[in-house]
Every structure is written in C-alpha cells, then in structure tokens.
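Hello,

Here is the structure I promised to pass on. Please have a look at it first, and then read on for what turned up.

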Amino acid sequence: WKALYESAVTSLGKYSEDFEMIMVGPYPPEDQFPDNFKWIQDWGAPARCAQKGVEQAQGKYLMWASDDGVFLGNALETALDLRDTLDRKDIVVIRYAEGGNSPSPEYWSAHHHADLRLPGIPTHYKIAPVGMYDTGYFQEIGGWDCRYEHLNMCCHDLAFRVQNDGGKVHLSPDEVLSCTWDVHCAEWQPVGA
C-alpha cells in the first residue's frame, strides 16, 4: 500500500496536495500514512468493500485501483485534466497494464469480450474496469451493484448504466496504472515444495 500511495502522490502532480486514498479490507495497514489516507475494516466481498469506500469519499472525483499496482509518471494528473473538461456523467477509463502487458485499443470495447456480447449491450459500448467518475453522479446513479461480489462485473454494469443515461466513455490520455502479480506469486508455494 505504501508503494501505491507514494506513486499516487507523484502521478497526481499538481493535484497531489488535495487527494484522499481510502483502503477497505480485513487487515489494517502495516505502515504509517498521512491524514489523507483512510482505512476501513470490512470482511465482505470486494464489491461491498469498494462501495463502502465510496460512501466515505469527500472529493469531487473518484476512482479505484488494484492494490498490486503503482501509478505512473504524471498520468493521474493528465487523467484529471481530461476529467475536468467533461460532462459530469462522463467516465474516464483509467488505462492500465497487467503483468507488463498493455491492452490493445479494442480491449476497451465491450463486444471485444465474448462474455459481454449479450442482448442489451450495444456494440458501441465501452468498458471501464478502472474508471474515474464524478463522485456525486456515481452516487446518484447507484454506484456498484453489490449483488455482484467482485468488481469486474460491477464495473461493466456501472459503465453500461452510465452509457444508457447518456454518459460518454473517454480513455485516459496515458497508461495510468501498472499492475503485477509477482508479489502474490512469489509468496505462493506448491504443496510439498
């Protein structure tokens, strides 16, 4: 969490003096953090935890991120610059890489994914697995549907509801987040090893 927090400060650039980071989960942080870091204990499903974090959010905009990642350069600053120019219903998709692999541009199209080629999901809809939203609008439209236990389908459902409501989806100008599985894999050992 320390690396994620410190990378956020750098990535936010001119916005670094006015942000909060809220972590929700079962175990408290091992490190000490400044006052703009909040931790909420919850043993529930990831979607419920994330929604509880949003309920405590004080900022004009919100976004979420995986805690196995780090933010890049001034990428959050450029994403916020874009967010400031948009309608309150619009979404900025936070582009990310996993395990060093950056998704192709068509990845952000819902119908690129076989499991999202469903009746009722128009072919032009986009996905926002990690998104930046106007906090008030996010809450107004209902946030994540916590009947989905994990955030993946919650995020798709939310992005589709926003697009049904007239919101547009914009890709962040830069890749913003780099996630890796190395930390978790390094801790795992097969039985009998």
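A word on contacts before anything else: two residues are in contact when they have heavy atoms within 4.5 Å of each other. Among the chain's contacts between residues at least 6 apart in sequence, 68% join residues at least 24 apart.

Please keep in mind that this is a predicted model, in which local features need pLDDT of at least 70 and side-chain atom pairs count only at pLDDT 80 or more, while totals for chains, interfaces and linings use all residues. Residues are numbered from 1 along each chain as its sequence is written, and side-chain values use heavy atoms, with hydrogens and water left out.

**Overall build**

The chain has 6 helices and 9 strands; these are DSSP runs numbered from the N terminus, with helices being H or I of at least four residues and strands E of at least two. Its C-alpha atoms fill a box of roughly 45 × 45 × 30 Å along the principal axes. Of the 193 residues, 41% count as buried, where buried means under 20% relative accessible area, exposed over 50% and partly exposed in between, with a 1.4 Å probe and protein chains only.

Helix H2 (residues 46-56) buries Ala47, Cys49, Ala50, Gln51, Gly53 and Val54. Their cover includes E1, E2, E3, helix H4 (135-140) and H5. In helix H3 (residues 75-83), the buried residues are Ala75, Leu76, Glu77, Ala79, Leu80 and Arg83, and they pack against helix H1 (2-12), strands E3 (61-63), E4 (69-71) and E5 (91-93), and E7.

**A few residues to look at**

- Asn36 lies in the loop between strand E1 (21-25) and strand E2 (37-41). Leaving out residues up to four places away in sequence, Asn36 touches Tyr5, Phe19, Glu20 and Met21.
- Met21, with neighbours within four places set aside, is in contact with Leu4, Tyr5, Ala8, Asn36, Phe37 and Lys38.
- Asp134 sits in strand E7 (residues 131-134) and is buried, at 11% relative accessible area. The side chain of Asp134 reaches the backbone nitrogen of Gly136 at 3.1 Å, a polar contact (a pair of N or O atoms within 3.5 Å; within protein, one must be able to donate a hydrogen and the other to accept it, and residues adjacent in sequence count only if both atoms are side-chain atoms). Beyond four places in sequence, Asp134 touches Lys60, Tyr61, Arg83 and Arg88.

**The cysteines**

How many disulfides are there? The count is 0, taking a disulfide as a pair of cysteine sulfur atoms within 2.5 Å. The sulfur of Cys154 is too far for a bond, because the closest cysteine sulfur, in Cys146, is 5.9 Å away. For Cys155 the closest cysteine sulfur is in Cys154, at 6.6 Å, also too far for a bond. Cys154 is buried at 0% relative accessibility, and Cys155 is buried at 1%.

Best wishes
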